[in-house]
Amino acid sequence: MPEWLSTLRLRTRSPLRRDQLDRDLAEELEFHAAMMAEKRGLSTREVGRAFGNRTALKESCRETWTFAAVEAFFQDLRYAWRTLARGKAFAILAVLLLALGMGATTAIFGLLDAVLLKGLPVREPNRLVLFTDPAESGVSIGADYGGPRSLLSYEEFITLRSRLRSFSDMFAVDSGYRRLNAMVDGSAPEEVRFRLVSGNYFTVLGVPPLIGRAFTAADEHGPGSAPYAVLNYAYWRDRFGLSADVLNRKLQLFGTSYQIIGVMPPGFLGENVGDLVNVWLPLVMQPQVRLGQFWLTDNPAKVDRVMWLQVFGRLRDGVNLRQAQTETDVVWRQMTEASFSRFVSSQPQILKQALKLRPGEQGTSALRSQFTEPLYVLLAIAGVLLLTACANIAGLLLARAAARQKEVAMRIALGAGRLRLIRQFIAESLLVSLAAAIAGGLIAILAIRAIIGLASEPGDLISLNVHPDWRLFAFTSGVASLATLIFGLAPALMSTRANLNQVLKGTAANVAGGSASAHAGRIVVATQIAFSTVLLMAAGWFAITLRNLERLDLGYSAERLTEIRVDPLTARFSRQQLATVYDELKQRLVQIPGVRAVTFSKNGLFGGSDSQDEISVEGYTAPSGEQSSSRWDRVGPSYLSVVGIPLLAGRDIGLEDQAGARRVCVINRAFAEKFFRGRDPIGRHITDEYPDTRVTLEVVGVAGDARDRKLREKVEPMFYIPALQPLVAGGYPDAMNYQIRTFANPSSVIEAARKQIAAANPNIRVMFARTLGELLANQTLRDRLLARLALVSGALALVITCFGLYAVLSFSVARRTSEIGIRLALGARKDRIVRDIIREALFVALVGLGFGVPIALAASTLVRSRLFGLSAADPVTIAAVITVLTIAAVASALVPALRAAGIDPIRALRCE
Amino acid sequence: MGSSDARSGELLPGTLEMLILKALARSPKHGYAIAEFIHAASDEVLRVEEGALYPALHRLELRGLLASEWGTSENNRRAKYYQLTDSGKKQLASEARYWRRMLGAVMQVIESS
């Protein structure tokens, strides 16, 4: 048998028979000792001396026949586990906190990666180019005067695709997704999320279907020509149980039947990051999906374009983005000149619109613009929490090492190898970081779900391909392990170097070493306090911001108000009928028990849509080079009084403002201040300059400023015109928001309202039905997310900092037991002793605050734009944080202080 | 000479394993007998420390140069007997050759004028 093989055989055998080998060795040595005594006539004592340190001898024998390193490591881990288990609170807290820090950092980075950094899971995503604004969604009807276009019309897409040579192919996608009630083979209607995509969508992206087929360019022959549906994998799984039979089934939507032809593979969520799509339909089905609207051609007689598409191109090989942009500029210029030829002379600015090509690798996402900043802020918070956790672990390991000095000295005296002891300390650190890493991984997975839940609007969960970033996880757990290792090792080295005699006797060296680690402990705790200060400051900022936003004066009362958005075109009413339909719905809603009053408006309150036009105002000349523009809305009778917007002058929009009557409007205060500047606006005229709907309106009333779109910005100039007074013949709004003022709980009328609308016509689609409170909550979603997570982090940091301070002070009291005993024996008063300990705590807290507050203020540039109604240097926040930390410091000091005061001088002195 | 006194009984580094193998060349022995054999065979010049002997024995066993077996000693105690394996015998031969050459060379240097 080769030498190495026999070695291996014996070694691998040995761990299993460890006890046997130990016993054999003991017997062998016993025999040797007996022989020495017998043959040489030595006394037991002389035999003992001849043997030297028998523990060391056994240890070195043992090492020869075991995988010493491996075995010792496991032994160390076992020992570490036992010591850690002994101080349960320490172990659990330390591990949990480290895990939280690592888990949160990993989760948030994973989200950041999914939302901001990751490329689409498609073929060569880096060759994709986007023609439109990735953050844009919805439908924009009107004209664009200058600047890069955010969305394109269908005809523009088709023309670009046929003319541009820089791209091997181009595809277009509906920029919004549509939640519609559809039926599966005639089953009960259920909500399905649809997205319309051009026929070549899947082929240009380069993602083949999992089963069946996807659309092809052939599915694009004229409006309504391709009633086919392709399913998302999760929808197939959840709705059809992964059955292949799905390819024989049909979806019904607004009377059109769509054959299901394929299912996409898991992991493919489409080109948009964040939107959940169940079913893809071909773009040419637009008229069947959005009834009463036709968006597939541009009307050359109008300046209006229906802009609703995100457009992507795949660069031809050898063409770069800059070359593609140059070609696009030329083609686009020719296209606009041709299609707007009738308007170029009267509105030359129409040609200012341009196309800006951007890398399309990451697809589109409305989340990106909303969550980039909050996610970075959260990442910073999680990072600080992780640092606090590391500092905490460091402090606790330091204190424990100091406390275990005697034990260590004892073990060295008994023959334990120094290296072995150091390894044991390392094992303890490793065990802490290992446990933390496991718990942290679990936390990361849970935290991702929790944060997505917090960041989503109710009933509309954000859909993301997000995984904890394991590279980052490896990094954070690496950092944490390193930190625990350093802080576990430093005291280990300190302890093992100590003078055994003195440590065991408990004399001078002990006190000196103890004071060094007490000092280190104080520094560590001060660091924790500084980090906690930063987190608490952030919690204060975001909590106050949220409160300010929630208490913001809207200009009307949001209490007892419900808003319902309806789309009557789905019931195939003609445009001329709409005035009657809107009035009938109002009459029905007002009869619901508990309803006080009902009105309606085109854009409504926080309903997500908006209108803005260029205007001219009687007696007002705009500064040269500036266009006057204003927001506007089309509202029903008594809009101001039902919503509760105060009337400052003149009258509200009334029943008399109908088709054929004098054209009127009500302006808001901001409008009056900007355009009338102290002159009485009543009776004066303003003109909406939009070419297709140019009208002149008489101002009949002035309303107070009301917030109906965004909370953070100042109220802009706005005018209200009667919704039932069409701008052109039959030009009534094609969707309407009803505002319902109730006597009691506003959500209680929603069910009845849906029934009434269905009773009027079951095909009228209710696009949403929410209380104003819910709509406002969606406005503060991100602020609430930040406030909650910052508060939780701040509270956690505070708790562990208190724990750390308590540990340091307890250690310091224990170390000075005899000193305090002497002072008490010499007549020191107990309250003096208590005061000294508390003063020590306050000093540490003050040092921490002294660093923490400036750090927080310096870091506040990161969050400045997220704050509302306060500055980062908000004195209330600073004062509150200082108070909280001071109270916490005193509270943590109280128990050790009272313990010190309770020391019995006689016993303390006897201890020495 | 004081200094030579202080060094009496100390083994030359690297020789212990060879001495153990040699001690076992004739017959199996237990640890104590090995130490005694080396002491006696060297005219009581060399003394093997117990602290070094046993780790060395275990090391040699682990390398497959020795085999061990529990037996009964001359005074009827249980004792662990070591004996050379085939590779142990080969190792002894080559070690002995090596030391003979080395020590011969050293002596030659010392005796040279």
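Q: What does the secondary structure of chain A come to?
A: Chain A has 27 helices and 26 strands. Helices (H or I, at least four residues) and strands (E, at least two) are DSSP runs, numbered from the N terminus.

Q: Before we go on, what kind of model is this?
A: This is a predicted model, where local features need pLDDT of at least 70, side-chain atom pairs count only at pLDDT 80 or more, and totals for chains, interfaces and linings use all residues. Residues are numbered from 1 along each chain as its sequence is written, while chains are lettered from A and ligands numbered from 1 in the order in which they are written.

Q: OK. What radius of gyration does chain A have?
A: Chain A has 38 Å, while a compact globule of 912 residues would have a value near 29 Å. The radius is taken over C-alpha atoms, and the globule rule is 2.2 Å times the number of residues to the power 0.38.

Q: And what box do its C-alpha atoms fill?
A: Roughly 130 × 80 × 55 Å, taken along the principal axes of chain A.

Q: How many of the residues in chain A count as buried?
A: 43% of the 912 residues of chain A. A residue is buried if 20 or more other C-beta atoms lie within 10 Å of its own, exposed if 12 or fewer, and partly exposed in between; C-beta atoms are placed from the backbone.

Q: Pick a strand in chain A. Why is β17 called largely enclosed?
A: Strand β17 (residues 595-601) of chain A has 5 of its 7 residues buried, so it is largely enclosed by the rest of the structure.

Q: Which strand does β17(A) pair with in the antiparallel sense over 6 bridges?
A: With strand β25 (residues 736-742) of chain A. Two strands pair if DSSP finds at least two bridges between them. In this pairing, V598(A) stands opposite I740(A) in β25(A).

Q: What holds paired strands together in general?
A: Strands of a sheet pair through backbone hydrogen bonds, either parallel or antiparallel.

Q: What about β19 in chain A, how many of its residues are buried?
A: Strand β19 (residues 629-635) of chain A has 6 of its 7 residues buried, and is mostly covered. β19(A) pairs with β18(A) in the antiparallel sense over 3 bridges. There, Q612(A) stands opposite R631(A). β19(A) also pairs with strand β24 (residues 718-722) of chain A, in the parallel sense over 5 bridges. In that pairing D633(A) stands opposite Y720(A).

Q: Now loops. Where is F606(A)?
A: F606(A) lies in the loop between β17 and β18 (612-617) of chain A. Its phi is near 50 degrees, a positive value in a residue other than glycine.

Q: Is F606(A) buried or exposed?
A: F606(A) counts as buried, with 21 C-beta neighbours inside 10 Å.

Q: And where is R560(A)?
A: R560(A) is in the loop between α17 and β16 of chain A. Phi of R560(A) is near 50 degrees. R560(A) counts as partly exposed, with 19 C-beta neighbours inside 10 Å.

Q: Where does D553(A) sit?
A: D553(A) is in the loop between α17 (508-550) and β16 (561-567) of chain A. D553(A) is exposed, with 9 other C-beta atoms within 10 Å.

Q: Switching to chain B. How many helices and strands are there?
A: Chain B has 5 helices and 3 strands. From the N terminus on, its elements run α-α-β-α-α-β-β-α. Buried residues make up 31% of its 113 residues.

Q: What order do the strands of the sheet in chain B have?
A: The order is β1-β3-β2, in an open sheet with antiparallel pairing. β1 (29-30) and β2 (66-72) of chain B stand at the edges, each with a single partner strand, so one side of each is left without a neighbour in the sheet.

Q: How many bridges join β1(B) to β3 of chain B?
A: 2 bridges join β1(B) to strand β3 (residues 78-84) of chain B. The bridge partner of H30(B) is Y81(B).

Q: Last one. At what angle do α2 and α3 of chain B pack?
A: Helix α2 (residues 16-23) and helix α3 (residues 31-41) of chain B pack at about 100 degrees, with their axes 9 Å apart. The contact of α2(B) with α3(B) has 6 nonpolar residues, no polar and no charged. Ala, Val, Leu, Ile, Met, Phe, Trp, Tyr, Cys and Pro count as nonpolar, Asp, Glu, Lys and Arg as charged, and the others, Gly among them, as polar. Axes are lines fitted to C-alpha atoms, for helices over the stretch in contact, and angles run from 0 to 180 degrees between N-to-C directions.
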